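Subject: Structure for you to look at

Hello,

I am passing on the structure we spoke about. Please open it first; my notes follow below.

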Amino acid sequence: AAAQQRDSGGRAFPFPYTPYLIQEQFMAALYGALEAGRVGIFESPTGTGKSLSLICGALAWLRDFEQKKREEEARLLAVEESGQEGKECPSLAGPAHPESQGTAGEPDWVTAFVQKKEERDLVDRLKEEQIRRKKREDRLEKIRHNVQLKYVAKRKRAEEDETKRLLQLSKEVLSEGAGDALEQLDDNEEELILAEYESDEEKKVVSGLEEDDDDLEEEHVTKIYYCSRTHSQLSQFVREVQKSPFGKDTRLVSLGSRQNLCVNEEVRRLGALQLINDRCMEMQKNKHENEGKKRRVSRTICPFYSYEQMQFLRDEVLVEVKDIEQLVALGRETKACPYYGSRYAISAAQLVVLPYQMLLHEPTRNAAGIKLKDQVVIIDEAHNLIDTITCIYSAEVSGSQLCCAHSQLLQYMERYRKRLKAKNLMYIKQILYLLERFVAMLGGNVNQNPSCQAVSQTGTVLKSINDFLFQSQIDNINLFKVMQMLSSARLFGFVERYGSPASAVKSNKENQKLSGLQNFLLTLQQGAENDQVRTASPLMQIEGFLSALTNANQDGRVILNRQGTVGQSSLKFLLLNPAVHFAKVVEECRAVIIAGGTMQPVADFREQLLSCAGVDPARVVEFSCGHVIPPENILPIILCSGPSNQQLEFTYLTRDLPQMMDETGRILCNLCNVVPGGVVCFFPSYEYEKQVYAHWEKTGLLTRLAAKKKIFQEPKKANQVEQVLVEYAKCIKRCSQAGGQMTGALLLSVVGGKMSEGINFSDDLGRCVIMVGMPYPNIKSPELQEKMTWLDKKMPRATGQAPSRVLIENLCMKAVNQSIGRAIRHQKDFASILLLDHRYARPAVFNKLPQWIRERTQVKPAFGAAFAELRKFHRGKLDALFCGPGNGL
């Protein structure tokens, strides 16, 4: 049974079990931030029930908010019905004016008239909303309990399948020269066949719901948009909602990409996201072209893109909480597209779950029909939010793509020159000129093979946006107009026109003719690829690069990366100020919550993101809670020197020294003797891990290590990670059961690699996590140098340090905190954490560790004392594990 927990303010938080104290504190702080309309930075370590605390705290606020809103509406309507308009309505009438003159010198009778009109308009809107809300609730209740309706929908789908089968059979008969009488069968007769199988009662049920379709949308449904990084994390969150006390009553919809939601196997087999998107939109185009003709054509259409069936799917989504996998299964069952059907459910939903790339990218947000005005946004797993926004709005195009696009567009212009309008011909020539100038900036010529054109001056050059536009001689071209031309139906046909469900429904009424450029480009690609799966048009990448060039000059840089040939070279736009794109989110939303398991150091969020976005510091609230594990279950140690008293300082100058690699190996050999199960060791880079491994192999130290732990290395290829993790876990389990000399496994991983985020090394998989050195980023990178220069100019100096220096330390510590957070995944877990570098003890660095780790960290100047602590810790935990209560030992 749900426990009704109340905080000091008397607010109730339904919870599926008795919460920890830190969960109560988390929910209370979250509730307060949403109520006050704050921008919150919330940190709750993994294993503390962060997702459930977010759910119960946020939905408790939404429940109370909607209740207050309804009570206020009822009060206003009661006042209106009693004929006392303007009285006892301070929220409508506003503060009283003692003067006889109204606002801006208007007479009081004018002010009173305007006030009464506003009150009447508000009351009318409230009445309309109540009617829509009542219709929506009645409709969903009817769907929830009306078995007949579900039967009708299922039967109708079966009848449609049977009709299509009969039509296909009739075509086959016709092709053999028989069945001349069936030749007259057309779409109208197909509708008659359906009508014959449909009873009058069933018609009434279905038509009654169809009439209410327009009323399902409610103008002011307050929503919570919950975002996370991956689809698996979103599915896990939805399952938590299902288990929560709010699981039965919350209208939730999950959004995702076509790659995750498409149920058309022909399209799914394409694999690549861009190919899936292109094929989906192409099939939509075929459908609408077919509907505009009397006779059927042979072009393939998507059988799941049915407006009526997507309405049924929308209703099913709203009456019961479903994760992405359940949504896909429902789409297959109802033969409706989950990708578009889920979007129809947004307007009436209370909780919308989506990847945060979809919310943070404004064009994608608008295409999905997401409206943030006065809504709540919760961004989970937000530790890399700044990097995500930077990547979303950066753009890169290669020299080969520029030349390919120029060739295709030139062929199109030459072939259809006489049929093009003068205005369109002008824009095409402008695009061709842009492409020529871009290739020239890379040192090439569009009329030559890009892969064969040698670049005279190789290297990387950074330019401001204005300098790039001037030097490429395109500063006199209106890029907004060119982009409009690129993205319009005249160029990409169905890409923009059928990009959203709303436009797709209306397009049949518009019956607009499409241009032939997209089809022409496809014929060029098909001819070049010999029936291979086509790739996305390079014009789409170029459109993204042009869009990036419309940023303000101070917010980004253009990087000219000149390699051996023009084809290998590229143009890249680097966004320096992600706050400019995050500003609209925080401006429109009622409240924004940025949450994560490890958010330290939070200075980046406050300064680079929120402050630059214009957020008032008084609106920002921070909350960080401890961990649910007892203090004795974790042992973090900063180790300053190794067994031979070699000081541990893994700088770029010293880490390659043989004595440093030998010292690291000796530390690991000693640890593997006392740490049971799995040990995960993180190196700053793949190159350094490979170098150390080769050195150990050469000196024989690797053999000594392998005697105690089987050694695994993190692969560079993502498709090999799962197999390595499976073998790693099997080895640890086998060693724990068999006993003997080998006690587990050692996993050599890389900071920022595949295993430093999103992987759980719980229990025996991660009894010790080791961090070798401090993984500072490469400060010689031109991109990072430009970012550092920009910060030094824009940001104030804090604590006596230059902003660029703070950035470097923060990037390092964010990576460290993510890596060491792979262990300790639940309340009864235990592990040791070893930081191998004396620089971790510096106050500026030490204070950027997560609070729950920092409070328990010991600094050990000598290895002997550290080793004694580690041996005592792990032996004590093993004794408690095997000899504790309930073990029967």
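This is a predicted model: local features need pLDDT of at least 70, side-chain atom pairs count only at pLDDT 80 or more; totals for chains, interfaces and linings use all residues.

Some overall figures come next. Of the 889 residues in the chain, 52% are buried. The chain has 37 helices and 20 strands. Among contacts with a separation of 6 or more, 78% are between residues 24 or more positions apart.

Now the sheet. An open sheet is formed by 7 strands with parallel pairing, in the order β16-β17-β15-β18-β19-β14-β20. Its edge strands, β16 (709-713) and β20 (858-860), each pair on one side only. From one strand to the next, the twist averages 20°. Strand β14 (residues 634-639) runs parallel to β20 and is joined to it by 3 bridges; here I637 stands opposite Q858 of β20. Helix α32 (residues 721-738) packs on this sheet and touches β15 (677-683), β16 and β17 (744-750). The direction of α32 makes about 155° with that of β17.

Last, a pair of helices. The axes of α33 (residues 782-794) and α34 (residues 803-820) come within 7 Å of each other and cross at roughly 130°, so the two helices are oblique to each other. On the α33 side the contact is made by L784, K787, M788, L791 and D792; α34 contributes P803, S804, L807, I808 and L811. By type, the contact residues divide into 7 nonpolar, 1 polar and 2 charged.

Regards

Conventions: Residues are numbered from 1 along each chain as its sequence is written. Side-chain values use heavy atoms; hydrogens and water are left out. Axes are lines fitted to C-alpha atoms, for helices over the stretch in contact, and angles run from 0 to 180 degrees between N-to-C directions. Helices (H or I, at least four residues) and strands (E, at least two) are DSSP runs, numbered from the N terminus. Angles under 35 degrees count as roughly parallel, over 145 as roughly antiparallel, 65 to 115 as roughly perpendicular and the rest as oblique. Contact means heavy atoms within 4.5 Å. Ala, Val, Leu, Ile, Met, Phe, Trp, Tyr, Cys and Pro count as nonpolar, Asp, Glu, Lys and Arg as charged, and the others, Gly among them, as polar. Buried means under 20% relative accessible area, exposed over 50%, partly exposed in between (1.4 Å probe, protein chains only). Two strands pair if DSSP finds at least two bridges between them.
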